[in-house]
Amino acid sequence: MTISYEKFNLKEVINASGRMTVLGVSKVSENVLAAQKFGGEHFFEMSELSIQTGSYLAELLKVEDAQIVSSASAGIAQSVSALIGQGSIYHAYHPYTDRISRREIIIPKGHNVDYGTPVEVMIAQGGGELVEAGYANMCTPEHIEMMITEETAAVLYIKSHHTVQKSMLSPAEAAEIAHKHQLPLIVDAAAEEDLFKYIEAGADLVIYSGAKAIEGPSAGMVVGKKEYIEWIRLQGKGIGRAMKIGKDNILGFTQAVEDYLKNGSESGDSMKDRLAPFITDLNNISNIDAKVVQDSAGRDIYRASIKVSGNKTAKEVIRELKTENPAIYTREYQANNGIIEFDIRSVNKEEMDKITVRLTEIMK
Ligand SMILES: *Cc1c(COP(=O)(O)O)cnc(C)c1O
């Protein structure tokens, strides 16, 4: 039996909610699939594959070196471990040894968020001891500086919409204060779109997730200083083994980065073009008033926004969209105001038609 949703008794899922880990994050392109297929069908000297894809990416990204890892989370844990062990093979084999006490990782308090997993769990997995700087709503360079001791191994900065944004030092300020004390700065930029900015701001290691902005397969990437990247590779003999990534995804991810740099992500204008016929169809459904809205954070992302009226509430409609097959997931943040949003970055024409059909049934 060929692979299908039916084979495992699964519901087809239409993801109109954006890049959501709980739904599998993103779809990969034919180009990336071809690279994954080549990886799946051939053998490699794995250490060569890891080093050579790393240097290929480093060239593209204008950094000293790069290492593909299994996820951004694995990137955090292994970066922390690498900067504690500093290339020691004894440490790789004994990652939580008492012989090394320099384990403190300083992070702005408002950056210790839960992105699906708390950041502090990944720090602990890497053998780091969490030290929060500043307060829930603010962190200045001075707040970081006053927490630095002989036991500090690194400063970690989380660049994300999940974190507290106001009254936070910038990545460049974090780099400056870390370097003043000869400490490395790690930036977790897992979901960020700019693959150059944080290295340019002075970060020593920058971490990206494979399937978010880059739309690659399940993977992660750490870029930065050559020596540190070598220390991360050494983790493969220790904690990194439990975070191993396969040859298929190493090649698929490398292709995804190359394509992403060439094509970027879909433009707002393209989204508006694709949304136009969808909006017309939605407006033909009774008790639905549809329009195009821009992302509330001002990013170049456009979505369909519908206002639900009549005898069903937006919350009921959202629930009904999820319960049938296909299960349709939307953006629910404004449901209390009777509004449902559809993010179409991972939705094609055929799926938009299925959404229209389902909504017509629900609103009947
Ligand atoms: C998604 C995310 C991660 C984890 O990425 P994975 O590749 O899923 O492990 C880490 N940090 C932030 C800020 C994220 O948004």
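The model is predicted, so local features need pLDDT of at least 70 and side-chain atom pairs count only at pLDDT 80 or more, while totals for chains, interfaces and linings use all residues. Residues are numbered from 1 along each chain as its sequence is written, and side-chain values use heavy atoms, with hydrogens and water left out.

The chain contains 13 helices and twelve strands, taken as DSSP runs numbered from the N terminus (helices H or I, at least four residues; strands E, at least two). Along its principal axes, the C-alpha trace spans about 70 × 50 × 35 Å. The radius of gyration, taken over C-alpha atoms, is compared here with a globule rule of 2.2 Å times the number of residues to the power 0.38. For 364 residues a compact globule would have a value near 21 Å, and the 22 Å of the chain agrees with this. Of the contacts with a separation of 6 or more, 69% are accounted for by residues 24 or more positions apart, where contact means heavy atoms within 4.5 Å. The accessible surface of the chain comes to about 17600 Å², and 51% of it belongs to carbon and sulfur atoms. Accessible areas come from the Shrake-Rupley method with a 1.4 Å probe, and for residues only the protein chains shown count as cover.

Turning to the interior, buried residues make up 50% of the 364 residues in the chain. Burial is judged by relative accessible area (buried under 20%, exposed over 50%, partly exposed in between; 1.4 Å probe, protein chains only). In soluble globular proteins, nonpolar side chains tend to be buried together. A nonpolar core is here a set of buried Ala, Val, Leu, Ile, Met, Phe, Trp, Tyr and Cys residues joined through side-chain atoms within 4.5 Å. The largest such core has 44 residues, and Leu185, Tyr208 and Ile214 touch the most other members. Helix α10 (residues 247-263) supplies the largest share of this core, with six residues. Another core lies apart from it and holds 30 residues, including Met271, Tyr302, Ala314 and Met352. Beyond its neighbours within four places in sequence, Leu185 is in contact with Val155, Tyr157, Pro171, Ala174, Ala175, Ala178, Ala203, Asp204 and Leu205.

Asp204 also takes part in a salt bridge, with Lys225 as its partner and the closest N and O atoms 2.5 Å apart. Asp204 sits in the loop between α8 (197-200) and β7 (205-209) and Lys225 in the loop between β8 (220-224) and α9 (226-234), so the pair ties together parts that are 21 residues apart in sequence. Asp204 counts as buried at 3% relative accessibility, whereas Lys225 is partly exposed at 33%. In total the structure holds 19 salt bridges, each defined as a side-chain nitrogen of Lys or Arg within 4 Å of a carboxyl oxygen of Asp or Glu. Another joins Lys37 and Glu41 (2.9 Å, N to O). These two residues lie four residues apart in helix α1 (residues 30-41), about one turn of the helix, and both are exposed. Arg274 and Glu266 likewise meet through their side chains (2.9 Å, N to O); Arg274 is partly exposed at 26% relative accessibility, as is Glu266 at 25%. Salt bridges that share partners also link Asp295, Arg299, Arg303, Arg331, Glu341, Asp343 and Arg345 into one network.

Ile3, Tyr5, Phe8 and Leu10 form a nonpolar surface patch with about 440 Å² of accessible area together. Patches are made of residues with over 30% relative accessible area and no salt bridge, with like charges joined within 9 Å and nonpolar side chains (Val, Leu, Ile, Met, Phe, Trp, Tyr) within 5 Å. Phe8 belongs to the segment before β1 (13-15), and Glu12 is also placed in the segment before β1. Glu12 counts as buried, at 18% relative accessibility. Leaving aside neighbours within four places in sequence, Glu12 contacts Tyr5, Asn325, Pro326, Ala327 and Lys354.

Lys166, in the loop between β5 (152-158) and α7 (171-180), is exposed, with a relative accessible area of 56%. Not counting residues up to four places away in sequence, Lys166 touches Asn137 and Met138.
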